[in-house]
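Work through the exercises below with the sequence and the structure open beside you. Try each task before reading its solution.

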Amino acid sequence: MSESKLRDISMDFSIQIINLVKELKSKHESIISNQIGRSGTSIGANVYEANYAQGKKDFISKLEIALKEASETGYWLELLYKTDYIDQKTFKTLSDQCASIRVMLVASCRTAKRSLEDH
């Protein structure tokens, strides 16, 4: 899997999260919307930052931070669904995308760690 694909997918996901935050704020929900806004957009920011990492260890660290942020975003999505701020379709769509990003991040981290061990 190419890093550019991960960048593109994480950017698209960030855009969807920003649109979700706008919708939540229009419903006067600010606590969770602030949290998911930060974690959901941080995924892509860390993936982008990884491109300019200062070596393989820094690259892995940025991807691992993105993975943690993706995990947190999954939590906020579930909470929004269980508190009726988002419907099942929105939850499923965003949750599935978030899970796909997590899978890609885990694979990228494993590959990078293997290449680090080989050297």
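Predicted model: local features only at pLDDT ≥ 70, side-chain atom pairs only at ≥ 80, totals over all residues.

**Exercise 1. The nonpolar core**

Task: Which residues of the largest nonpolar core touch the most other members, and which helices supply at least two residues each?

Solution. 
Step 1. The largest nonpolar core has 28 residues, and those touching the most other members are Phe13, Leu20, Ile36, Leu63, Leu77 and Leu105.
Step 2. At least two residues of this core come from each of helix H1 (3-26), helix H2 (31-50), helix H3 (56-82) and helix H4 (88-117).
Step 3. Take Leu77 as an example. Neighbours within four places in sequence are left aside, and the contacts of Leu77 are then Phe13, Leu20, Ile36, Ile86, Phe91, Leu94, Ser95 and Cys98.

**Exercise 2. Helix H3**

Task: What span does H3 reach from its first C-alpha to its last, and which helices do its buried residues pack against?

Solution. 
Step 1. H3 has 27 residues. The expected span is 1.5 Å times one less than the number of residues, which gives 39 Å for H3.
Step 2. From first C-alpha to last, H3 reaches 39 Å, close to the expected value.
Step 3. Among the buried residues of H3 are Phe59, Ile60, Leu63, Ala66, Trp76, Leu77 and Leu80, and the list also includes Lys62 and Glu69.
Step 4. The buried residues of H3 pack against H1, H2 and H4.
Step 5. After H3 comes Asp84, with a positive phi near 65°.

**Exercise 3. Salt bridges**

Task: How many salt bridges does the structure hold, and which partner does Lys113 have?

Solution. 
Step 1. The structure holds 6 salt bridges.
Step 2. Lys113 pairs with Glu64, with 2.7 Å between the closest N and O atoms. This pair links distant parts of the chain, since Lys113 is in helix H4 and Glu64 in helix H3, 49 residues apart. Lys113 is partly exposed at 35% relative accessibility, and Glu64 is partly exposed at 29%.
Step 3. Glu78 is partly exposed at 35%, whereas Lys82 is exposed at 58%.
Step 4. Lys62 and Asp58 also meet in a salt bridge, at 4.0 Å from N to O. They too lie 4 residues apart in helix H3, about one helical turn. Lys62 is buried at 17%, while Asp58 is partly exposed at 23%.
Step 5. Lys62 and Asp58 belong to a network of salt bridges with Glu49.

Terms used:
Residues numbered from 1 in each chain as written. Heavy atoms only, no water. Core = buried A, V, L, I, M, F, W, Y, C linked by side-chain atoms within 4.5 Å. Buried < 20%, exposed > 50% of the residue type's maximum accessible area, 1.4 Å probe, protein only. Contact = heavy atoms within 4.5 Å. Salt bridge = Lys/Arg side-chain N within 4 Å of Asp/Glu carboxyl O.
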